[in-house]
Amino acid sequence: MERAVGGSLYVRDFALELFRQGHHPVVYCCRPGAISQQLTHAGIAVTSSIDRLGDPDIVHGNTPMETAAALLALPDTPGLFVCHGWDSPDAMPPVLPRILRYLAVSDISRDRLVHWDGIAPSRVMLHQNPVDLLRFPRREPPEVLRRALVFS
């Protein structure tokens, strides 16, 4: 989580929302950075040591190496894996029996999981990335569109 890129921002926003709802997430990352500091400042535990994960109810993984490492360190904990892309090395799902569900954030990432990685369609669920509506509230569209910002 060293750089503020898509996966790191997803983890930050997801952990903050879980925390806001009364859960106690623990974030595991190999390379803590600015986003880790934001989470720690908000009261969320961040560790780079797999031995300090505690006893979570589930491993929610976004990268193959860290997901596999956490599941191997926690032999009784089920997991899920979120695929955020098509051709990134971080999109490669670990194929482990304790990963109960693979979440795809788009039709393209779902196709990757099913057709490229061979994950059974019954284990893949489409779950598009959420938007924090407290941070980005809805507003009425302008009468004439002059500028646009595209998130990708």
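This is a predicted model: local features need pLDDT of at least 70, side-chain atom pairs count only at pLDDT 80 or more; totals for chains, interfaces and linings use all residues.
User: Why is I108 called exposed?

Analyst: Exposed requires over 50% relative accessible area. I108 has 53% relative accessibility, so I108 counts as exposed. This residue is found in helix α4.

User: What makes W86, I108 and W116 a patch on the surface?

Analyst: Nonpolar side chains are joined into a patch within 5 Å, provided that each residue has over 30% relative accessible area and no salt bridge. W86, I108 and W116 form such a nonpolar patch, and together they have about 360 Å² of accessible area.

User: How do you know whether N62 is buried or exposed?

Analyst: The term buried applies under 20% relative accessible area. The value for N62 is 13%, and therefore N62 is buried. N62 is found in the loop between β3 (59-61) and α3.

User: What joins the side chains of N62 and H84?

Analyst: A polar contact of 2.9 Å joins these two side chains. The cut-off for a polar contact is 3.5 Å between N or O atoms, one able to donate a hydrogen and the other to accept it. Leaving aside neighbours within four places in sequence, N62 is in contact with several residues, including Y10, V11, H84 and D90.

User: Which residues is A69 in contact with, leaving aside its neighbours within four places in sequence?

Analyst: They are Y28 and I50. A69 and I50 are 19 residues apart along the chain, and their C-alpha atoms are separated by 7.7 Å. Contact, however, is judged by heavy atoms within 4.5 Å.

User: Which residues of α3 are buried, and what do they pack against?

Analyst: The buried residues of α3 are P64, E66, T67, A68, A70 and L71. They pack against β1 (26-28), β3, β4 and β5.

User: What makes up the largest nonpolar core?

Analyst: The largest one has 15 residues, and Y102, L113 and V124 have the most contacts inside it. Two or more residues each come from α3 (64-73), β4 (79-83), β5 (99-104) and α4 (107-116). The largest share, 3 residues, comes from β5. Another core, of 10 residues, lies apart from this one and includes V11, V27, L80 and L103.

Conventions:
Residues are numbered from 1 along each chain as its sequence is written. Side-chain values use heavy atoms; hydrogens and water are left out. A nonpolar core is a set of buried Ala, Val, Leu, Ile, Met, Phe, Trp, Tyr and Cys residues joined through side-chain atoms within 4.5 Å. Buried means under 20% relative accessible area, exposed over 50%, partly exposed in between (1.4 Å probe, protein chains only). Helices (H or I, at least four residues) and strands (E, at least two) are DSSP runs, numbered from the N terminus. Patches are made of residues with over 30% relative accessible area and no salt bridge: like charges are joined within 9 Å, nonpolar side chains (Val, Leu, Ile, Met, Phe, Trp, Tyr) within 5 Å. Accessible areas come from the Shrake-Rupley method with a 1.4 Å probe; for residues, only the protein chains shown count as cover. A salt bridge is a side-chain nitrogen of Lys or Arg within 4 Å of a carboxyl oxygen of Asp or Glu.
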